[in-house]
Amino acid sequence: MVGYNLKLGWQSLRRTPVLSSLAIAAIALGIGVATTCVTIHYLLAGDPLPGKSDRLFYVRLDSWDPERPFDSDFPERPPNQLTYRDALAAVVESDIPARKAAMFRARLYLHPEGAQPFSADTRVTTRDFFALFAVPFRFGDAWSAEAEARGEAQVVLSAEINRKLFGEANSVGRTIKIDQQIFTVAGVLAPWRPALKFYDIHNGSERSPEEIYIPFALARPLGIVNAGNTSSWGQGWQTVDGKYDSEAVWLQGWVELESDSQKQAYQSFLDQYTDGQRAAGRFQRKNNNQLQPMRAWHQQEEAVPPSAKSLMVIALAFLGICAVNLIGLLLGKFLARAPEVGVRRALGASRAAVFVQHLVECELTAVGGGLAGILLSWGVLGVINRALEGDVHYRLDLPMIGTGFGLTLVAGLVAGLYPAWRICSVPPATHLKLQ
Amino acid sequence: MIRLEHLSKIYRAALVETLALRDLDLTVAAGEFVAVMGPSGSGKTSFLNVVGLLDGFDQGRYLLDGQDVSRLSDRDSSRLRNEKIGFIFQSFNLIPDLDVFDNVDVPLRYRGWGAKERREAILGALESVGLGARTKHYPAQLSGGQQQRVAIARALAGRPKLLLADEPTGNLDTAMAREILEMLETINEQGTTIVMVTHDPELARRASRQIHLLDGRLLDVAADHPRPLFAPTGDAAMTTFVS
């Protein structure tokens, strides 16, 4: 009977082209908007590194004011960033993690040959950053461990900035002046634009990844400071040296821990480190060193902009309104067909059979609208991506197409249940004489 | 085939109750051809709806082919209607968007037969009404008589035991009406019980029995034989006229 009901549904759609088009357009609009917003939310809230994120931990040490917690609403939470000293000693200099990265965001000036200098978004970090976060390379690689140890001035360029400076050419080995220092290009990234800047959610989680990446070892020698949030409870952090030496927190620390034992070992290391610091007069609060799994960290800090969630809820409500509006259209269409339904009932169709027949027609209408809506969503996301002027950012993948299809079926059900119930409840004898 | 015992049907509106059928007692044997007559509003359609399981009733008992149908669920009564009853309507009631083949196919779809079995039944039924070559025509492309023949094929395709006809020739000219009636007689001769509602006394006389309804009551049950149009009066002139 499914095939038969589909055939009847298709015939009905063709019989009333204007009404069918209106119904399909209503669903298409609802699905288009809903799928777009759900996709944006999904990409922002989804796992940025599937299969790996559960091994990545954000390092938090409670170096804060002994008199009051970092966050008075959540006194159990340590500061959300690290001091330079702790990032260096507890992250960079530890041999326990499989990979580790201390980092901060800065803005430095690039001086291209024969062109005006311009400022570029910069990530100052350790070489493990790229492997830790599975950053794709187009040419070359991260600077080597030896280069990092020697404090060599090497740089990794984003695909975008490489295009700007060197066209599409492989620029590995070429040099570029950054601020007052000549850097050699060690690698060029492939286009990389995660929906959420998951490795630094406190300094613009919606921003694109940085344009250039330089070694952490050069940060202090070159006097580079961050362009982002700094929190401090002590004094003297306003100068460059003060920032490096004070209790100001402005760096992020990430580690990759491959097993529970490795995690326990690193946790012990952190506790011993802060015990040592306490003996030297720092860390006057009780030990509260946390290794926060990446996704838990994002969740706690509400990394996904609340507006994305609100937008998704509004879009789903809009889809609901589209579906509810469709109820009237379908009801009118079905009730006009009551005499035919009377004949079918006389010929042996049960109430349930009539109900299913009309529900299938509703779902067929919804599927037509859903397919159009998914195409609409694809187009809208393309427009959003172009407006963001980045590489492809939001895109429909299979799970999202599946979600769009699922929403379509639900919308068809919402729109169709009442009209289908009404038409199947019509007493068959009432309309037989009118046919 | 049909047994009604003290059957009553009441239509209830907000303030008014209408007794459409009153205390009907009737037995129709298998293979009978019964004509139901009566003026407009006498309850003929209500009678047909109740007998055809299209409508319920309020009091009494109804046995269809030996089965008590008084308390059947919608699913069971639909199945029984599909398997045991064929309908022929005055206005044919073909579905305009379906071609002849698909119209005849409708009851068989609800029967759950396979494609091959349905096809054989449809083509057989259409052949039997002389429309085997019109399977791809739509109702609008057929004459009234042809449409009624399609309706008969649709009613017969599922091989029902009972055929309910509601003014089957009401929308047809005399020649076509005769043709349809002959077709019904043939069907009856092959063993199908027929209950036909009609206003037309000539048609009713072709039935093996007539029953008359007035204000929902069964007035009388006529003889089991076709009756002459006029009873002999002894008047010679009248006798000559009639003969």
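**A sheet, a helix and an interface**

Guide: Let us begin with one pair of residues in this predicted model: in chain B, Leu4(B) stands opposite Leu26(B) of strand β2(B).

Visitor: How many bridges join β1(B) to β2(B)?

Guide: β1(B) and β2(B) form a hairpin, with four residues between them. The two strands run antiparallel, and the number of bridges that join them is eight.

Visitor: Which strands are the edge strands of the open sheet in chain B?

Guide: The sheet has four strands in the order β2-β1-β4-β5, with antiparallel pairing. Within it, β1 (2-12) is joined to β4 (59-64) of chain B by five bridges, and Arg3(B) stands opposite Leu63(B) in β4(B). An edge strand pairs on one side only, and the edge strands here are β2 (17-28) and β5 (67-68) of chain B.

Visitor: Which helix of chain B packs on the sheet?

Guide: This helix touches β1, β2 and β4 of chain B. Its direction makes about 60° with that of β2(B), and the helix is α1 (residues 44-51) of chain B.

Visitor: Which helices are included in what covers the buried residues of α10(A)?

Guide: The buried residues of α10(A) include Ala308(A), Met312(A), Ala315(A) and Leu319(A). An α-helix has 3.6 residues a turn, so residues three or four places apart point the same way. The cover over the buried residues of α10(A) includes α2 (17-45), α12 and α13 (398-425) of chain A.

Visitor: Which helix gives the most to the side of chain A that touches chain B?

Guide: In total, 19 residues of chain A are in contact with 20 residues of chain B. Helices α1 (2-15), α11 (338-346), α12 (351-388) and α14 (428-432) of chain A each supply at least two residues of that side of chain A. By class, this side has eleven nonpolar, four polar and four charged residues. The helix that gives the most, with four residues, is α11(A).

Key
Residues numbered from 1 in each chain as written. Chains lettered and ligands numbered in written order. Predicted model: local features only at pLDDT ≥ 70, side-chain atom pairs only at ≥ 80, totals over all residues. Contact = placed C-beta atoms within 7 Å. Nonpolar A, V, L, I, M, F, W, Y, C, P; charged D, E, K, R; others polar. Buried ≥ 20, exposed ≤ 12 C-beta atoms within 10 Å, placed from the backbone. Pairing = 2+ DSSP bridges. Axes fitted to C-alpha atoms, helices over the stretch in contact; angles between N-to-C directions.
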